[in-house]
Amino acid sequence: MEAEDLYAHLSDEELVEQIVASNDPLLFEKLYDRYAKMVYNKCYGFAKSDDEAQDLTQDVFLQLFIKLRTFKGKSKFSTWLYSFTYNFCVNYINRNKQRKIQDQSVQVEETEYKLTEDVPDESLYEMKADRLKKALEMISVEDKSLLLLKYQDGASIKDLVNLMDLGESAVKMRLKRAKERLLEIYNTQE
């Protein structure tokens with residue numbers, strides 16, 4: 001039986017446990033094969049090009065090999081890796097592009113707080129793909145990432161709360177504002 005077959009039946013968590021115990025790069029390659037596409041797709045949301053996304057993907061996996069022992073199994077490995085990748089990419093943007101994620105939440109008194117009309121999710125789903133792609137390139141990387149996490153990757157509000165280490169209301173407000181900005185840019189395109 002080939003080595004590949006020996007590890008195919010292992011869960012991600014079991015595979016991680018064996019990698020940590022043995023520090024074996026060949027075992028790590030199995031983990032890479034399982035998740036390279038997901039990590040690349042997440043990195044692509046932050047990158048300006050395919051080459052940059054590929055470089056980011058390699059960097060994520062290099063750091064992952066070093067930090068793999070910090071995985072404690074409190075969540076599914078795929079969720080942990082998703083968070084690890086997201087945080088790595090945000091740090092990359094902050095460090096290399098001098099771009100900072102700004103906390104755009106504003107403290108307001110209940111009496112002065114007025115809700116604007118919410119942008120329904122359906123309006124995002126109805127957008128034409130080419131115009132949507134152009135509009136996504138024109139909004140901030142933070143807004144783009146948040147929208148892609150929610151609508152492309154299917155992250156729940158709870159997932160976003162955990163990934164971004166923010167409160168639920170802050171995540172909902174950022175999501176609402178990102179949708180508004182995207183829709184505004186989308187509607188100004190011809």
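Q: Is Lys-42 buried or exposed, and why?

A: This is a predicted model, in which local features need pLDDT of at least 70 and side-chain atom pairs count only at pLDDT 80 or more, while totals for chains, interfaces and linings use all residues. Residues are numbered from 1 along each chain as its sequence is written, and side-chain values use heavy atoms, with hydrogens and water left out. A residue is called buried under 20% relative accessible area, exposed over 50%, and partly exposed in between (1.4 Å probe, protein chains only). Lys-42 counts as buried because its relative accessibility is 3%.

Q: Which residues does Lys-42 touch, leaving out those up to four places away in sequence?

A: A contact means heavy atoms within 4.5 Å. By that rule Lys-42 touches Tyr-82, Thr-85, Tyr-86, Leu-149 and Asp-153.

Q: In which helix is Lys-42 found, and how many helices and strands are there in the chain?

A: Helices (H or I, at least four residues) and strands (E, at least two) are DSSP runs, numbered from the N terminus. Lys-42 is found in helix α3, which covers residues 25-46, and the chain has 10 helices and zero strands.

Q: Is Asp-51 buried or exposed, and where is its place?

A: Asp-51 counts as exposed because its relative accessibility is 54%, and its place is in helix α4, residues 50-67.

Q: What share of the chain do buried residues make up?

A: Of the 190 residues in the chain, 38% are buried.
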